[in-house]
Amino acid sequence: MQGEGGYRLHELVQRFGGTVRGDPTIFVTRVATLDDAGAGDISFLSRARHRETLRSTAASAVILSKDDASLTDLPAIVCTNPYLYFSQVSGLFH
C-alpha cells in the first residue's frame with residue numbers, strides 16, 4: 001500500500017496503466033534520471049541514446065517502452081509512452 005511517500009509498482013499501474021515486468025511489489029519513493037537514480041528511485045528510458053545508461057543505473061525500477069523491455073532485468077513498468085508516464089509519476093511525488 002501507499003505510505004511514507006511512495007508507491008508500489010502495481011499501484012502505479014493501477015493508476016496510470018501499463019504492465020509490470022518483474023516484482024510488482026517494489027516500493028519507489030522518488031523519481032530520478034537514470035544517471036542519478038539510486039535505491040528507492042524510479043526512472044525511465046525514452047531515447048535509444050540512453051540505453052547504455054540503463055545498463056548501469058542504480059534505480060530500483062524503470063519505465064520502458066515495449067521495444068526496450070528486454071534491455072534490463074530491473075523491475076519495470078512497460079508502457080507506450082515512457083516520457084509521459086514518468087511525467088505522471090513525477091506528479092505524484094511533487
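Me: Why does Asp 68 count as buried?

Reply: In this predicted model, Asp 68 has a relative accessibility of 5%. The label needs a value under 20%. Asp 68 is therefore buried.

Me: What makes the contact between the side chains of Asp 68 and Arg 51 a salt bridge?

Reply: The N to O distance is 2.6 Å. The rule asks for a side-chain nitrogen of Lys or Arg within 4 Å of a carboxyl oxygen of Asp or Glu. Asp 68 and Arg 51 meet that rule, so the pair is a salt bridge. This pair links distant parts of the chain: Asp 68 sits in the loop between strand 6 and strand 7, Arg 51 in helix 2, 17 residues apart.

Me: Why is Arg 51 called partly exposed?

Reply: Its relative accessible area is 30%. Buried stops under 20% and exposed begins over 50%. Arg 51 lies in between, so it is partly exposed.

Me: How many salt bridges does the rule give?

Reply: The count comes to three. One of them joins the side chains of Arg 30 and Asp 41, at 2.8 Å, N to O. Arg 30 lies in strand 4 and Asp 41 in strand 5, so this pair ties together parts that are eleven residues apart in sequence. Asp 41 has a relative accessible area of 0% and is buried. Arg 30, at 47%, is partly exposed.

Me: How do you know that the side chains of Glu 52 and Arg 55 meet in a salt bridge?

Reply: Their N to O distance is 3.3 Å. The limit is 4 Å, so the pair passes. Both residues lie in helix 2, three residues apart, about one turn of the helix. Glu 52 and Arg 55 are both exposed.

Me: How many aromatic pairs does the structure hold?

Reply: There are four aromatic pairs. Among them is the pair of Phe 44 and Tyr 83, with 5.9 Å centre to centre and 65 degrees between the planes. Phe 44 lies in strand 5 and Tyr 83 in helix 3, 39 residues apart.

Me: Why is the pair of Phe 44 and Tyr 83 called edge-to-face?

Reply: Two tests apply. The centres must lie within 6.5 Å, and the planes must be over 60 degrees apart. At 5.9 Å and 65 degrees, Phe 44 and Tyr 83 pass both, so the pair is edge-to-face.

Me: Are Phe 44 and Tyr 83 buried or exposed?

Reply: Tyr 83 has a relative accessible area of 56%; over 50% is exposed, so that is its label. Phe 44 stands at 17%, which is under 20%, so Phe 44 is buried. Phe 44 also pairs with Phe 86, at 4.4 Å centre to centre and 25 degrees between the planes. That pair links strand 5 to helix 3, across 42 residues. Stacked planes are under 30 degrees apart, so Phe 44 and Phe 86 count as stacked. Phe 44, Tyr 83 and Phe 86 form one aromatic cluster.

Me: Why is strand 6 said to be largely enclosed?

Reply: Five of its five residues are buried, so the rest of the structure largely encloses strand 6. Both faces are covered: Ala 61, Ile 63 and Ser 65 on one side, Val 62 and Leu 64 on the other. The chain reaches strand 6 from strand 5 through helix 2, in a right-handed β-α-β crossover.

Me: Which residues have the most contacts inside the largest nonpolar core?

Reply: This core has 16 residues, and the list is Leu 12, Ile 42, Ile 63, Ile 77, Tyr 85 and Val 89. Helix 1, strand 5, strand 6, strand 7 and helix 3 each supply at least two residues. Helix 3 gives the largest share, four residues.

Me: Why is Ile 42 called buried?

Reply: Its relative accessible area is 0%, under the 20% limit, so Ile 42 is buried. Beyond its sequence neighbours, Ile 42 contacts residues including Leu 12, Ile 63, Ile 77 and Val 89.

Conventions
Residues numbered from 1 in each chain as written. Predicted model: local features only at pLDDT ≥ 70, side-chain atom pairs only at ≥ 80, totals over all residues. Heavy atoms only, no water. Buried < 20%, exposed > 50% of the residue type's maximum accessible area, 1.4 Å probe, protein only. Contact = heavy atoms within 4.5 Å. Phe/Tyr/Trp six-rings, centres within 6.5 Å; stacked < 30°, edge-to-face > 60°. Core = buried A, V, L, I, M, F, W, Y, C linked by side-chain atoms within 4.5 Å. Right-handed = clockwise from strand over helix to strand, strands pointing away. Lists of a residue's contacts leave out its neighbours within four places in sequence.
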